[in-house]
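Visitor: I am new to this structure. Could you show it to me and take a few questions?
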Amino acid sequence: MSTVVEQTPVREDRSFLGQPRALANIFGVEMWERFSFYGMQGILLLYLYYSATAGGLGIPQTTAAGIVGAYGGGVYLSTILGAWVADRVLGSERVLYFSAIIIAVGHVALAFLPGFGGVATGLILIALGSGGLKANATSVVGSLYAKDDPRLDAGFSLFYLGINLGAFFGPVMTGLLQTTLGFHFGFGLAAVGMAIGLVQYSFGRKRLPAIVHEVPNPLPSSRYAAYLGAAMAAIALIVVLSVLGVITASSLVTIVIALTLVATVSYFVVILRNRQITAVERKRVFAFMPLFVASAAFWSLSQQQFTVVTIYTDERLNRDVFGWELPVSWIQSFNPVFIILLSGAFAALWTRWGSRQPSTPVKFALGTGMMGVAFLMFLPFVDGGANSTPLAAMIAILFVLTVAELLIGPVGLSITTKLAPEPFKTQMVALFFLSIALGTAVSGWLAEWYTSVSETLYFSVIGGVAIVIGLMLALIARPILRLMNGVR
């Protein structure tokens with residue numbers, strides 16, 4: 001009874017831009033986490049493949065792109081672990097808090113430990129922490145609303161705004177420090193940003209509703225030892241495979257893709273076979289499957305901002321602005337700028353249309369198709385030399401990409417919380433993030449393909465496949481809606 005009393009005021013509260021006040025606290029920690037995450041990632045690929053004389057590690061470009069893709073996939077893959085610990089052991093809020101601490105330590109390691117050892121240590125910690133924070137921040141936001149609250153999509157759009165405020169300022173500030181003082185100063189600023197986010201969140205935890213501390217499906221204490229032993233065995237296996245040369249920098253992206261596919265299939269099987277979910281919940285999980293595929297396809301293109309688009313910007317884009325050369329990492333800030341400008345409009349549009357707005361499958365179909373169009377927009381500039389692509393053209397491409405993202409990113413987070421069976425609330429969010437893990441890892445693999453084929457072939461195939469997937473999803477939108485059983 002006490003839980004209900006504590007939840008109700010939060011769900012009725014409208015003191016933060018018409019949303020629950022507690023949303024502001026999650027908004028803040030996610031904003032600073034994204035500042036550190038995208039700030040670091042904005043210069044990571046350059047640090048890996050730039051020569052030692054330019055402050056980098058001198059890793060071959062294709063290998064470096066694969067590492068970035070594998071790391072990004074690992075971030076979203078680790079949401080499984082964060083979600084499992086939340087649902088079975090600690091609850092969403094505690095995992096979120098401890099994950100923020102791990103992220104901060106990872107950024108400090110990346111800033112102060114030299115060479116590839118520092119990169120490996122920092123990226124592993126950041127990937128583990130980011131995975132735990134991502135799934136659980138989303139779950140906590142969903143807990144602030146009733147499932148039928150019409151403000152939910154608008155609330156997630158504001159949450160997405162916080163993400164993109166951090167995503168804008170991160171690459172701008174770290175890129176500026178990288179070009180003036182060096183890579184490790186940029187990484188250090190990312191560490192400072194995460195520390196700020198952790199401190200502000202620590203002071204606001206008490207405003208969250210009691211439900212975020214609940215453990216939906218507690219693990220019996222008698223099974224703790226077995227799971228701890230399995231974790232230790234997995235770590236030992238990774239160490240052995242690394243020593244034997246099975247896990248290498250060049251094979252990492254393929255391994256992450258394979259692990260993500262295995263995890264995805266396993267997760268769907270576990271959820272669908274669980275006896276605690278109802279027949280309606282099981283149908284909704286089936287409805288989620290085509291949305292998962294579309295999301296993975298979308299993110300395999302969108303996440304190329306950190307691989308193919310970064311390489312293209314470094315080598316082909318005319319970055320001259322009135323005699324001043326735009327830092328490479330700054331190109332990654334255009335996408336969040338457009339999201340900041342458009343997310344409020346999208347939130348208002350969905351709120352105004354209410355039940356008349358397009359269904360989620362239709363939004364996904366439009367977003368996937370538009371992502372394909374964005375890549376076809378590269379075709380007029382293929383095979384050019386240095387400085388051959390106008391900055392305005394890249395900005396236009398990123399604008400189309402952003403509109404596509406707003407039809408899938410916040411909407412995907414929202415629909416996942418609506419379709420999630422009760423025993424798998426946080427883990428269902430992790431399942432959505434697995435689609436991003438798969439797409440992100442594939443973006444690293446595609447970057448390797450980009451360097452070995454003609455650009456005409458690359459952009460035509462990638463853009464065309466995305467458009468076809470969008471059209472196929474539009475054709476089956478009505479059957480998906482029937483399986484969603486009242487959820488739109």
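Guide: On one side of helix α10, Val262, Val265 and Arg273 are exposed, meaning over 50% relative accessible area (1.4 Å probe, protein chains only), with buried under 20% and partly exposed in between. Helices are DSSP runs of H or I, at least four residues, numbered from the N terminus. This is a predicted model: local features need pLDDT of at least 70 and side-chain atom pairs 80 or more, while totals for chains, interfaces and linings use all residues. Residues are numbered from 1 along each chain as its sequence is written, and side-chain values use heavy atoms, without hydrogens or water.

Visitor: Which residues of α10 are buried?

Guide: They are Val253, Val256, Ile257, Thr260, Ala263, Thr264, Tyr267, Phe268, Ile271 and Leu272. They lie on the same side of α10 because they cover an arc of only 145° around the axis, taken from the directions from the helix axis to the C-beta atoms.

Visitor: Changing topic, how many aromatic pairs are there?

Guide: A search of the whole structure finds 27. Rings of Phe, Tyr and Trp (its six-membered ring) pair if their centres lie within 6.5 Å; planes under 30 degrees apart are stacked, over 60 edge-to-face, and the rest tilted. Tyrosine 50 and phenylalanine 183 form an edge-to-face pair, 6.0 Å centre to centre with 80° between the planes.

Visitor: Where in the chain are those two?

Guide: Tyrosine 50 is in the loop between α2 (22-49) and α3 (61-77), and phenylalanine 183 is in helix α8 (residues 183-204), 133 residues apart.

Visitor: Is phenylalanine 183 buried or exposed?

Guide: Phenylalanine 183 counts as buried, because its relative accessibility is 4%.
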